[in-house]
Amino acid sequence: MRIDDPASWIPHRPPILTVDAVEVDEPGVKGRGLRRFAAGDPWLTGHFPGNPVVPGVALIEGAAQTAAIVLLAARGKGGGGFLADVSKFRFKAPVIPPADVVFEIAVAGVFGALCKVSVRVLAGGVPVAEGELVLSASPQ
Amino acid sequence: MAEDLVADLKTLIVARLKMEIEPASIDAAAPLFGEGLGLDSIDALELVVGIERQYGIRIADAEMGKKAFGSVNALAAFISEKRSAK
């Protein structure tokens, strides 16, 4: 299942919306988000003048948004959620625009409203970051 | 056997939650959350993931978690019960 309109699933809007599309391999379990960071991307404003590098926090946010959509796909409708924890993140290489970034996410565990996901981020097919996130579903 | 499981769970808790305490110093009868060890819901999720990986036992929801996470002793009893039911 491919989602080309992420804004219809999560409440994020530009400039914070950080996925262009999400490919859901298995709803609630795993999938990947796609995002092209072009030279004029809002995330690059001030980071850094004349030397654009995609901020690590943008990669975390893109992964979190991807994970939210993969989780929401399991119940077939959009909704909200919050980032509850960020751990074990390592940034292996800078992401220089223009860059086609892929956020690979896999659910590691669920307990109550909390969900732990493993994240791998690739740019141009090369791994650039990995880590773990915990998302909290907002009350329905 | 039950004592081994209690000791193993104390080690798992300290390792998964990166606590800077000796596993043996955990009171097996003390509550894991709130008072006692003072764990929170994100710690609970981390333990759920660790217990599933180590023992193949899934703590599916908060209701089950309430029973399992009462204390280390309660967690050991929960795991023993699930193991014998397999």
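The questions and answers below concern a predicted model with chains A and B. Residues are numbered from 1 along each chain as its sequence is written, and chains are lettered from A in the order in which they are written. Local features need pLDDT of at least 70 and side-chain atom pairs count only at pLDDT 80 or more, whereas totals for chains, interfaces and linings use all residues.

Me: Is B:Ala15 buried or exposed?
Reply: B:Ala15 belongs to helix 1 (residues 2-16) of chain B, where helices (H or I, at least four residues) and strands (E, at least two) are DSSP runs numbered from the N terminus. A residue is buried if 20 or more other C-beta atoms, placed from the backbone, lie within 10 Å of its own, exposed if 12 or fewer, and partly exposed in between. Because B:Ala15 has 11 other C-beta atoms within 10 Å, this residue is exposed.

Me: How far does helix 2 of chain B reach from its first C-alpha to its last?
Reply: Helix 2 of chain B (residues 41-55) has 15 residues, and the expected span of a helix is 1.5 Å times one less than its number of residues. That gives an expected 21 Å, and the helix comes close to this with a reach of 20 Å.

Me: Which helix supplies the largest share of the side of chain B that touches chain A?
Reply: Counting two residues as in contact if their C-beta atoms, placed from the backbone, lie within 7 Å, 11 residues of chain B are in contact with nine residues of chain A. Helix 2 and helix 3 of chain B each supply at least two residues of that side of chain B. The largest share, seven residues, comes from helix 2 of chain B.

Me: Which residue in the turn between strand 2 and strand 3 of chain A has a positive phi?
Reply: Strand 2 (residues 21-26) and strand 3 (residues 30-37) of chain A run antiparallel and are joined by five bridges, where two strands pair if DSSP finds at least two bridges between them. A:Glu26 stands opposite A:Lys30, and the two strands form a hairpin with three residues between them. The turn residue with a positive phi, of about 80 degrees, is A:Gly28.

Me: What is the bridge partner of A:Phe37 in strand 5 of chain A?
Reply: Strand 3 of chain A also pairs with strand 5 of chain A, in the antiparallel sense and over eight bridges. In strand 5, the partner of A:Phe37 is A:Ala99.
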